[in-house]
Amino acid sequence: MIIQSLCRCYDILEGDENANIPKLGYSSANVSFALVISSDGVLSHIIDLRSDDKKPKPRNMDVPNQKSRSSGVFPYFVCENAKYVFGVEKLKRDTFETKFNLSSSEDNPAEYKVLEENGKEVTLVYRRSKECFEAFKAFHHSILDDLDDPGVRGFLTFLDEWNPEEFLENPKIHQYKDDLLAGGNCVFECDGSFLHQKTVVRNAWENYSQDEADGKFVSQCLVSGKLEPVSPIHQKIKGVVGAQSAGASLVSFNDDAFCSYGKKQSFNSSVSESSMFKYTTALNHLLSSQSNRIRIADTTVVFWAETNKKSCEDLVKFFFVPQETEKNEENQEIEKNEETNVEVSRVQDTSQIQQIEGILNKVRIGKKINQEDIGTDRDTNFYILGLSPNNARLAVRFWYVDSIGDLIERVARHHLDMEIIRDDYGPRYISVYRLLNETVPQSSDKKVVSPLLGGLIMRSILTNTVYPVSLYSAILSRVKVEGSINFVRVGFIKAYLLRLSRAGLSNVKQDMITMSLNEESSNVPYRLGRLFAALEKAQNDTNKEMKSTINSKYFSSASSTPAVVFPVLLKLAQHHITKSEWGFKSSQLIEQILMGVDEFPAYLNLEDQGMFMLGYYHQRKAFFTKKEVISSKEEPL
């Protein structure tokens, strides 16, 4: 199902002129340099194709297909790294000393030549680098020998006359030697055009690919249903956070226990070469697009619609990453290369925020959203795939398929359930990433969220079911340990209790779980939370500069065992009330709250603890909200 959907995604992207997706037989590659080869086979110039940024980025180009390769010698066509193009490699000093230990019989000094060295690195030519170069040369001769093109003949002459040991003697190479040996790809320019873009070269490559496919094992493809050559190894998927930088496999078989009927590798899955190319190309394209991916805990989430209209995908991303002007890790592109981070923040425009508010208002009153609201047919299929790293492979954390209309309604319902009274500053809507960050200590430099929570919360949002109790419990624990309850935490507490009540799993009625203070609520834990806030304010009124309040000492125990704590707090409050000029008002509020409490419960369960914290937060906000309302009423006078 996942592969079939990705293949359909490729077909849609292929028909989109703006998608810039590789055709069958080609793949996208990051290219750092173009080697200019003259017609007589001389390296005349090197062009740096990288960007001018502080940290230069390679240029993305469509080149002949670069299949996944492991430790063997396997050259790519007209786009390769320096090890294959020049037969030279740079090794770290400790790697060099280990590999060429004189006591080892594997290699001896006669089998390598050091071209340059320093305390940390060694540039050399040795048996393996020579094998790579010779394989690269032989591979291109086998495909291009019959072509009568001046540029091609010059390129082949360059390969025939190149001597790896003269690498540093070439003045053109000396300028870029370190960057060339860092592993970046090189393409070739001949007669003023890139070799891989020449029509004769592309025709030769496509004929070679077809001949290669004709000799492969043919079986019925599980995706297309056609009899086609089966792909033995699937392309690597790149861009999943935490996976290997070279890519990881979504479909692979590395142990006999996973194989059947004596079949090896991916012959067990019977996916054709064309289907494999489509799904891997589409998935890599989506992972490289900022508008089609987000990060939730350790899970990289990609999503796409079965349409070439990008507006609905941007809309869905805004629902999941609703940051308006706030920088955060989930809406920044973080590329880790040589231990350097490059961050690109994304700011939402006002029109999209207005569109979101229009959708939320419709869902709030129970109306269905239509095509005008989302910019496409509400019945259009929408796909969400969650991938997490698993060594050299990828694990599917979750897979969701629904219509775009139903999906947006469910995500909108999540935001409505999370609505809570708060200050005017800060983001209007809370992202899943930020919500999960509330489960880890705020003082922690490295916020490592449990990988299970991301999948669980996404499943609840996408299916409109009760939120995971593990996430609810984790947030309650953070509130009690830190004595801090912000609008993100209390918003989720309110949403959890609301969905629990909606599902008939709670004794608390939905209309008792409100966005702001509910003075009519008779729920005892809710009133106790309000009472704690009132007692805390009575203490604060005696000394505004007090560093420590009853919150830091009693909040955790008051929300769990109120019968033990509140008698002590009420006795302490009498002392504070007598000293405060606002004592009468505090005493009046405390009496009003206690009118609905016959006795203090001995113990509050998790659900009751949530109601306690909701009441505490609401009452604290009410202390300031009422002042703002009074001042606004007096303004016209």
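In which loop is the place of asparagine 518?

Reply: Asparagine 518 sits in the loop between α17 (487-502) and α18 (524-542). A word on the source first. This is a predicted model, where local features need pLDDT of at least 70, side-chain atom pairs count only at pLDDT 80 or more, and totals for chains, interfaces and linings use all residues. Residues are numbered from 1 along each chain as its sequence is written, and side-chain values use heavy atoms, with hydrogens and water left out.

Helices (H or I, at least four residues) and strands (E, at least two) are DSSP runs, numbered from the N terminus.

Asparagine 518 has a relative accessible area of 11%, so it is buried. Buried means under 20% relative accessible area, exposed means over 50%, and partly exposed lies in between (1.4 Å probe, protein chains only). What does asparagine 518 touch? Leaving out residues up to four places away in sequence, it touches Asp511, Met512, Tyr526 and Arg530. Such a contact means heavy atoms within 4.5 Å.

Helix α15 (residues 451-463) has 13 residues. From first C-alpha to last it reaches 19 Å, close to the 18 Å expected at 1.5 Å a residue. The expected span is 1.5 Å times one less than the number of residues. Buried residues of α15 include Leu453, Ile457 and Leu462. Just after α15, asparagine 464 takes a positive phi of about 55 degrees.

Helix α5 (residues 150-161) has twelve residues, which should span 16 Å at 1.5 Å a residue. Its end C-alpha atoms are 16 Å apart, which agrees. Among the buried residues of α5 are Gly151, Phe155 and Leu159. At the start of α5, a side-chain oxygen of aspartate 149 reaches to within 3.0 Å of the backbone nitrogen of glycine 151.

Strands come next. Two strands pair if DSSP finds at least two bridges between them. Strand β1 (residues 26-37) and strand β2 (residues 43-48) pair in the antiparallel sense over five bridges. Phenylalanine 33 stands opposite aspartate 48 in β2. The hairpin of β1 and β2 has five residues between the strands, and glycine 41 there takes a positive phi near 85 degrees.

There is also an open sheet of three strands, in the order β5-β7-β6, with antiparallel pairing. β5 (89-92) and β6 (112-117) stand at the edges with a single partner strand each, so one side of each has no neighbour in the sheet. β5 and strand β7 (residues 121-126) pair over four bridges. In β7, glutamate 121 is the bridge partner of lysine 92.

Note on methods. A polar contact is a pair of N or O atoms within 3.5 Å; within protein, one must be able to donate a hydrogen and the other to accept it, and residues adjacent in sequence count only if both atoms are side-chain atoms.
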